[in-house]
Amino acid sequence: MRNLAELNINEGGVLVDRAPPSASILAAFEAEFGLSLPEDYIHLLMYANGGCPEIDIIAPLDFSEVDSWCVERFYHLDNNRDGPGSLWKMTKLLRDAAETLYPHLGSKLIPFANDGCNGL
């Protein structure tokens, strides 16, 4: 996994100071959506619970159809289920959209970031 400090995840130029999600918040999220969060993603949430990475371009491995993608903001996970950038809210929105628009994707989707183009 990449050294997360290299990403310089910040909010308005200031390092993210939002508390990492507690074990009870992680457990409640996983129970609510019937999934287990990947350990690498939990590591990211513990390092920076949301925020904008300064290094924001990714090139998926073994995915020749797309050259790169952009990450504008990582979602955060806390007790606020309806706030902007809330992983709770964005997961519900994605799941609701996927049921009708992308049923083949299944119910284990987790939108971890915003791409800057008004997409999840």
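**Angles, bridges and buried side chains**

Modeller: The backbone nitrogen of Leu77 lies 2.8 Å from a polar atom of the Asn49 side chain. Keep in mind that this is a predicted model.

Biologist: What makes the pairing of the Asn49 side chain with the backbone nitrogen of Leu77 a polar contact?

Modeller: The cut-off for a pair of N or O atoms is 3.5 Å. The Leu77 pair sits at 2.8 Å, so it falls within that limit and counts. The Asn49 side chain also reaches the backbone oxygen of Ala19, at 2.8 Å.

Biologist: Where does Asn49 sit, and why is Asn49 called buried?

Modeller: Asn49 is in the loop between α2 (39-47) and β3 (57-58). Buried means under 20% relative accessible area, and Asn49 has 1%, so buried it is.

Biologist: Which residues does Asn49 touch, leaving out those up to four places away in sequence?

Modeller: The list is Val16, Arg18, Ala19, Pro20, Pro21, Leu44, His76 and Leu77. Ala19 and Leu77, whose backbones meet the Asn49 side chain, are on it.

Biologist: Which residues in α1 and α3 meet?

Modeller: From α1 come Ile25, Ala28, Phe29, Glu32 and Phe33, and they meet Leu87, Trp88, Thr91, Lys92 and Arg95 of α3. Sorted by type, the residues of this contact are six nonpolar, one polar and three charged.

Biologist: What makes Trp88 buried?

Modeller: Trp88 is in helix α3. The relative accessibility of Trp88 is 5%, under the 20% cut-off, so Trp88 counts as buried.

Biologist: What is Trp88 in contact with, neighbours within four places aside?

Modeller: Ile25, Ala28, Phe29, Glu32 and Phe33 are among them, along with Leu77, Asp78, Asn80 and Arg81. The C-alpha atoms of Trp88 and Phe29 are 7.2 Å apart, although 59 residues separate them along the chain.

Biologist: How many salt bridges does the structure hold?

Modeller: There are four.

Biologist: What makes the meeting of Glu32 and Arg81 a salt bridge?

Modeller: The N to O separation is 3.4 Å. The cut-off is 4 Å between a side-chain nitrogen of Lys or Arg and a carboxyl oxygen of Asp or Glu, so this Glu and Arg pair qualifies. Glu32 is in helix α1 and Arg81 in the loop between β5 and α3, 49 residues apart.

Biologist: Which residue is linked with Glu11 and Arg73 in a network of salt bridges?

Modeller: That's Arg18.

Biologist: And what makes Asp96 and Lys92 a salt bridge?

Modeller: Here the closest N and O atoms are 3.0 Å apart, so the pair is within 4 Å. The two lie in helix α3, four residues apart, about one turn of the helix. Asp96 at 38% and Lys92 at 47% are each partly exposed.

Biologist: One last thing. What makes the phi of Asn8 worth a remark?

Modeller: Most residues other than glycine have a negative phi. Asn8 is not a glycine, yet its phi is positive, about 50°. Asn8 lies in the segment before β1 and, at 25% relative accessibility, counts as partly exposed.

Definitions and conventions: Residues numbered from 1 in each chain as written. Predicted model: local features only at pLDDT ≥ 70, side-chain atom pairs only at ≥ 80, totals over all residues. Heavy atoms only, no water. Contact = heavy atoms within 4.5 Å. Nonpolar A, V, L, I, M, F, W, Y, C, P; charged D, E, K, R; others polar. Buried < 20%, exposed > 50% of the residue type's maximum accessible area, 1.4 Å probe, protein only. Polar contact = N/O pair within 3.5 Å; in protein donor to acceptor, adjacent residues only side chain to side chain.
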